[in-house]
Amino acid sequence: MKELKEFFEDSGRIVDETLDKLIPSDNFEPKRLYEAVRWSVFAGGKRFRPALVLAVGKTFGADEAKLLRTASAIEMIHTYSLIHDDLPAMDNDDLRRGRATCHVKFDEATAILAGDVLQSMAFRTIAEDENLGAEIKVKLTAELADSAAKMVDGQQLDLDGEGKRISIENLEKIHRNKTGAIICISARSGAIIADASENELDAITKYASSLGLLFQITDDLLDITQTTEVLGKTAGKDLTSKKSTYPSFYGIEGTRKLAEKVRLEAINSLNKIEKDTRILKDLVDFILERKK
Ligand code: GRG
C-alpha cells in the first residue's frame, strides 16, 4: 500500500496548507476563539475525509485545485463534531487526537463557539470557492448541510440509546447518520466536482455507504482492542458508557467477519466503475486494517 501511504501524506500536507490559509491565525480577534479552533484542527487527525474527497475527485479526473476547499470544509465540519462530541454534556472526554480536548484546554463556552464557528467557516469556504461554478457550489452546500444535519440526528439517536439495549437495525441507523453521512458526502462531493455520470455517482454512493459502515465497525473494534496511547482518545469508552456496539451484538470475531463482508460490498460497488479505482480500493483496506 505504498501508493496509498504517499497519497495520504501528499493529501494531508496540501489539505493542512489549505486549512492554514482558510482559518484565521491565532492573533485574529477574538484570539481565544481562533486559538481554540487551531488547537483542535491542527492536532494531527488522520484527514481521512479530505483524502476521500481528493481520491474520488481525482479518480474521475477533477483537478486538485477544484477539490481542496471542499475537502477542507468537510474537515472543518468533522472537527466541529469532535469538539462538541467531547463536551461534558455529551461524551465528556478529556483526550482527543492525542492532546487535551478543546474544552479542557480552553473552557466549555469557548469549545462550543469553536465548533460553531468551524461550521460557519465550512459553508463560507465552499461558497467563496473561485474554482467552482455557482451550480456545483449550491449542490455541494445543500448536500453538506443535509449530511451535517444527519450527523446531528445520529448523535441524538446515539445519546437516546445510551444504557439501553437497542436493535441492530437501530444501531445501523445511528451509524449511517452519525458517522456515515459525512463519509458519504466526502466521496460524493469528489464525484460531483468531477462531473461524474449518474451511474458513477450511484456506485460511489454505495461504495461510500459501505465504507462509512466499515469505519464505524472498525472504530468499535479499536475501542476494545487498542490502547488510549495509540488511539489518542480514551479507549474502552463504549463499555464504560454502556453503548450498544457491533462487538456487543456479534462478539469480536463475529464483528471481524461482518467487517470483511462490508469490505467486499465496498469493493463490489467499485467494480461497477470503469476507471482506475485502485486508490479507492486501498482506502477500504486502510480502514479495515487501521490501528487508530
Ligand atoms: C456532536 C454534532 C455532533 C456530532 C458528533 C462524529 C461524531 C458525531 C462523534 C464522534 C464520536 C465518534 C467516536 C464517532 C465514531 C467515528 C468517528 C467519527 C471517529 C473519529 O473520526 P477519525 O477517526 O478521527 O477520522 P481523526 O481524529 O483521525 O480525524
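Mentor: On a 1 Å grid over the protein atoms alone, a pocket is an open set of points with protein on both sides within 12 Å along at least five of seven lines. A molecule sits in a pocket if more than half of its atoms lie within 2 Å of its grid points. Here the ligand takes up the largest pocket. The model is predicted: local features need pLDDT of at least 70, side-chain atom pairs count only at pLDDT 80 or more, and totals for chains, interfaces and linings use all residues. Residues are numbered from 1 along each chain as its sequence is written, and side-chain values use heavy atoms, with hydrogens and water left out.

Trainee: What polar atoms of Lys46 lie by the ligand?

Mentor: A polar contact is a pair of N or O atoms within 3.5 Å. A polar side-chain atom of Lys46 is 2.6 Å from a ligand oxygen. For Arg49, a side-chain N or O atom lies 2.7 Å from an oxygen of the ligand. Arg97 also has a side-chain N or O atom 2.7 Å from a ligand oxygen.

Trainee: How much of the ligand's accessible area does the protein cover?

Mentor: Accessible areas come from the Shrake-Rupley method with a 1.4 Å probe. On its own the ligand has 700 Å², and the protein covers 93% of that.

Trainee: How is a pair of aromatic rings described?

Mentor: By the distance of the centres and the angle of the planes. Rings of Phe, Tyr and Trp (its six-membered ring) pair if their centres lie within 6.5 Å; planes under 30 degrees apart are stacked, over 60 edge-to-face, the rest tilted. The whole structure holds 5 aromatic pairs. One of them, Phe8 with Phe286, is tilted, at 4.6 Å centre to centre and 40° between the planes. Phe8 lies in helix H1 (residues 2-22) and Phe286 in helix H13 (residues 278-289), so this pair ties together parts 278 residues apart in sequence.

Trainee: Where is Pro30 found?

Mentor: In the loop between H1 and helix H2 (31-41). The peptide bond from Glu29 to Pro30 is cis, with omega near -10°.

Terms used:
Polar contact = N/O pair within 3.5 Å; in protein donor to acceptor, adjacent residues only side chain to side chain. 1 Å grid on protein atoms, 1.4 Å probe; cavity = no way out; pocket = protein on both sides within 12 Å on 5 of 7 lines; lining within 4 Å. Helix = DSSP H or I, 4+ residues; strand = E, 2+ residues; numbered from the N terminus.
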